[in-house]
Amino acid sequence: MRLTFLGTGSAMPTGTRFQSGLLLEDGSDRLLVDCGSGVLHALARTDVGYEGVDTVLLTHHHLDHVSDLDVFMKARWLAGETDLTIAGPPGTRDLIEGLLDLHDYMRGRLDLTIEEVGVDAPFALAGFDIEAMETRHSMSCFAYRFRTESEEPALVYSGDSEAFTELIEFADGAAVLVHDCSFPDDVDVSNHPTPAQLGTALDRAEATVGRVYLTHLYPHTEGRHEEMLDSIGAAYDGDVRFAADGLSVTIDPTAP
C-alpha cells in the first residue's frame, strides 16, 4: 500500500499546507480520503491525478475535509470521467445533495454513487477492506482502519479527534497511524489533541503501532515541531514524525 499526504493542514491556511486529504494506492486500487481545500491541486500533482481516482471516503463533514468535493466533481466531468463514488458517515447523502442543489448544473453530469458507512461492520470500498470507529470530535467523525490482502492492518487514520486510548487500540498492529495533532501544548483546545495528550494516550494504550505521522496542523504548530515531538517523547518512545504535503510512503504491514 502506498500513502501520499495531499493535505496536512487545517481550517486555518498557512500557505504551505493544503487542508485534509490522503491518497491510498494498492496496486490498481485508489482511494481519496477526505477532500479539503487544495486537495484537488495536490492530487493533480500526482501520477494518479483526479482522473485516476473515482472513490472518495470522508471522515466527517467539516469544511476543511470536504470543501474541494464540488470542485472534484466538476473536474472529473470536464475531464470526461463518468463515475464517482462518495462515501462517509451518516449525513453524507444530505451533504452531496446540498452541494448539487447549490450547483444544480452539475446534477446528472456524473454517474454518482453515495454510500453512508457505519461502525457496526467492516465494509469494502475501491478494493480496500475498511473498518470505522467513532472519534471524539465536535461533530460525528470516523477513524478508519485499512487492511491489505494479507489481512494485516496497514494504516489507521484518526480523522479529527481528541487522543484517547481506545482510538490508539483501534490501531493495534497497524504499520502506520496517521493522527491529528493540531496544536502545541500551550493551546487550550478540545476536539483535537495536544502533543502531551497524544503521547499519554500512545503510552497508556494496550497496542503496538508502527510509525506515527502527525497531521491536521494549525498555524500554531509552525516552528514548534521539535518541541512537540519532545512532548510526545516524554511519554512515548515510538517512531513519531510530522507529515508534510507531498510526502509519499510505502506501507508494508508484514515488515518487522
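His137 is placed in the loop that runs between β8 (128-134) and β9 (142-147), strands being DSSP runs of E of at least two residues and helices runs of H or I of at least four, both numbered from the N terminus. The model is predicted, with local features requiring pLDDT of at least 70 and side-chain atom pairs pLDDT 80 or more, while totals for chains, interfaces and linings use all residues. Residues are numbered from 1 along each chain as its sequence is written, and side-chain values use heavy atoms, without hydrogens and water.

With a relative accessible area of 14%, His137 is buried (under 20%; exposed is over 50% and partly exposed in between, with a 1.4 Å probe and protein chains only). Its side chain forms a polar contact of 3.4 Å with that of Asp160 (N or O atoms within 3.5 Å, one able to donate a hydrogen and the other to accept it; residues adjacent in sequence count only if both atoms are side-chain atoms). The backbone oxygen of Asn191 lies 3.0 Å from the side chain of His137. Leaving aside residues up to four places away in sequence, His137 touches His60, His62, Asp160, Ser161, Asn191 and His192 (heavy atoms within 4.5 Å).

The chain contains 7 helices and 14 strands. Its radius of gyration is 17 Å, close to the 18 Å given by the globule rule for 256 residues, so the chain is as compact as a globular protein of that length (C-alpha atoms; 2.2 Å times the number of residues to the power 0.38). Of the 256 residues, 52% count as buried.
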